[in-house]
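What follows is a walk through one structure, taken a few contacts and a few positions at a time. Please keep the sequence and the coordinates open while reading.

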Amino acid sequence: MKKSIPSDFIELERCYDQLMSWCDVFQAIADFLPCHIDDGLCERLSDGLLPLLQTTHELEERLISSGLGLIMDAAEKAGAEERRRAGRLIDHGAARDVVVTLQTLGEGRCRLSWEAVGYQLRSFFCSTRGHIRSEREIMRLVQRAMETAARLEDATDQTEAA
């Protein structure tokens with residue numbers, strides 16, 4: 001019996017797709033500064049960014065971190081987990097800064113220069129895109145290892161049944 005891809009991986013992909021779409025919006029904002037930025041857009045982005053990032057990080061921790069042992073030895077896994085944990089902390093801090101900037105932009109009271117806002121948004125979306133590319137690659141490796149393990153289990157079950 002072949003096991004399918006867990007629906008949680010599909011949920012994680014949806015989070016990644018949404019984050020990538022938001023990165024496109026951040027890039028558009030950065031590319032067209034100084035410009036008027038819709039208050040409603042600022043509010044939607046600032047209200048949704050941290051919860052989306054938190055959900056994404058929780059799914060990564062549950063799905064990818066738990067599967068690292070399938071593709072790495074213990075020492076590699078420990079190092080990878082530490083780097084990934086540190087990366088998530090940095091991502092969260094950068095997202096908090098972006099949220100504050102978006103809120104103040106939406107309220108018309110941002111004290112940052114347009115160049116600083118653009119740099120902050122570019123830094124965030126470039127880092128986020130890189131993070132997603134890396135996590136997707138690790139996710140593919142974990143999924144492949146899970147599928148191989150499932151095939152081996154099925155073969156063992158069939159051999160025992162014969």
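Buried means under 20% relative accessible area, exposed means over 50%, and partly exposed is in between, with a 1.4 Å probe and protein chains only. The areas come from the Shrake-Rupley method, and for residues only the protein chains shown count as cover. This is a predicted model, in which local features need pLDDT of at least 70 and side-chain atom pairs count only at pLDDT 80 or more, while totals for chains, interfaces and linings use all residues. Residues are numbered from 1 along each chain as its sequence is written, and side-chain values use heavy atoms, with hydrogens and water left out.

Gly106 counts as buried because its relative accessibility is 17%. Arg85 is 21 residues from Gly106 in sequence, and the C-alpha atoms of the two are 31 Å apart. With 84% relative accessibility, Arg111 counts as exposed. From Arg111 to Arg85 the C-alpha separation is 32 Å, for 26 residues along the chain.

His36 sits in the loop between H1 and H2 and counts as exposed, at 69% relative accessibility. The loop between H1 and H2 also holds Pro34. Leu33 and Pro34 are joined by a cis peptide bond, with omega about -5°. For context, most peptide bonds are trans.

Which part of the chain does Phe26 pair with? Phe26 is in helix H1 (residues 7–31) and its partner Phe124 is in helix H4 (residues 114–161), so the pair links distant parts of the chain, 98 residues apart. Rings of Phe, Tyr and Trp (its six-membered ring) pair if their centres lie within 6.5 Å; planes under 30 degrees apart count as stacked, over 60 as edge-to-face and the rest as tilted. A search of the whole structure finds 1 aromatic pair. In this pair, Phe26 and Phe124 are edge-to-face, at 5.8 Å centre to centre and 80° between the planes. Phe26 is buried, with 0% relative accessibility, and Phe124 is buried as well, with 3%.

Arg136 lies in helix H4 and Glu13 in helix H1, 123 residues apart. Arg136 is buried at 17% relative accessibility, whereas Glu13 is partly exposed at 25%.

Arg136 has a further salt bridge, to Asp17, at 2.7 Å from N to O. Asp17 is in helix H1 and Arg136 in helix H4, so this pair ties together parts that are 119 residues apart in sequence. Asp17 is partly exposed, with a relative accessible area of 42%.

Asp24 and Arg129 form another salt bridge, with the closest N and O atoms 2.8 Å apart. Here too the partners are in helix H1 and helix H4, Asp24 in the former and Arg129 in the latter, 105 residues apart. Asp24 counts as partly exposed at 46% relative accessibility, and Arg129 counts as buried at 15%. Through shared partners, salt bridges join Glu13, Asp17 and Arg136 into one network.

Patches are made of residues with over 30% relative accessible area and no salt bridge, like charges being joined within 9 Å and nonpolar side chains (Val, Leu, Ile, Met, Phe, Trp, Tyr) within 5 Å. Lys and Arg count as positive and Asp and Glu as negative, while His and the chain ends are not counted. The place of a charge is taken as NZ of Lys, CZ of Arg, CG of Asp or CD of Glu. Asp38, Asp39, Glu43 and Asp47 form a negative surface patch. Of these, Asp47 is in helix H2 (residues 39–67) and counts as partly exposed, at 48% relative accessibility.

How values were computed:
Areas by Shrake-Rupley, 256 points an atom, 1.4 Å probe, with all protein chains shown as cover. Salt bridge = Lys/Arg side-chain N within 4 Å of Asp/Glu carboxyl O. Helix = DSSP H or I, 4+ residues; strand = E, 2+ residues; numbered from the N terminus.
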